[in-house]
Amino acid sequence: VVIRPGSGGAFEVTGVELPAPGMSHQILPFGSQGYRIQIDNIMPDASLNDAMIRITTTASASPVIEIPLRVTN
């Protein structure tokens with residue numbers, strides 16, 4: 001996932017909430033372009049369908065970014 005500042009200016013990623021305990025993440029600065037969030041150990045489990053990855057930021061326009069997971073057979 002790459003998160004860019006857009007017209008809102010500089011911001012920080014303050015947290016990442018993952019829907020499964022085995023998942024892990026790394027928040028990596030992407031130069032002046034924003035942040036890259038690497039998510040590992042995503043298992044294709046039907047229980048994760050429609051679960052959300054929640055990214056919290058200091059950006060006033062987007063303090064929480066939700067990314068839905070889709071699991072298909």
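The model is predicted: local features need pLDDT of at least 70, side-chain atom pairs count only at pLDDT 80 or more, and totals for chains, interfaces and linings use all residues. Residues are numbered from 1 along each chain as its sequence is written, and side-chain values use heavy atoms, with hydrogens and water left out.

Start with β5, residues 52-57. Strands are DSSP runs of E, at least two residues long, numbered from the N terminus. The covered face of β5 holds Ile53, Ile55 and Thr57. Met52, Arg54 and Thr56 make up the uncovered face.

Now the partners. Two strands pair if DSSP finds at least two bridges between them. β2 and β5 pair antiparallel over four bridges. Arginine 54 of β5 is the bridge partner of glutamate 17. β6, residues 64-68, also runs antiparallel to β5, joined by five bridges. Here isoleucine 53 stands opposite isoleucine 67. β5 and β6 form a hairpin, with six residues between them.

Threonine 57 lies in β5. Its relative accessible area is 9%, so threonine 57 is buried (under 20%; exposed is over 50%, partly exposed in between; 1.4 Å probe, protein chains only). A polar atom of its side chain lies 2.6 Å from the backbone oxygen of serine 62. Beyond neighbours within four places in sequence, threonine 57 is in contact (heavy atoms within 4.5 Å) with Phe11, Glu12, Val13, Thr14, Ser62, Pro63 and Ile65.

Glycine 22 sits in the loop between β2 (13-17) and β3 (24-29). Glycine 22 counts as exposed because its relative accessibility is 52%. Its C-alpha is 8.7 Å from that of methionine 43, 21 residues apart along the chain.

Terms used: A polar contact is a pair of N or O atoms within 3.5 Å; within protein, one must be able to donate a hydrogen and the other to accept it, and residues adjacent in sequence count only if both atoms are side-chain atoms.
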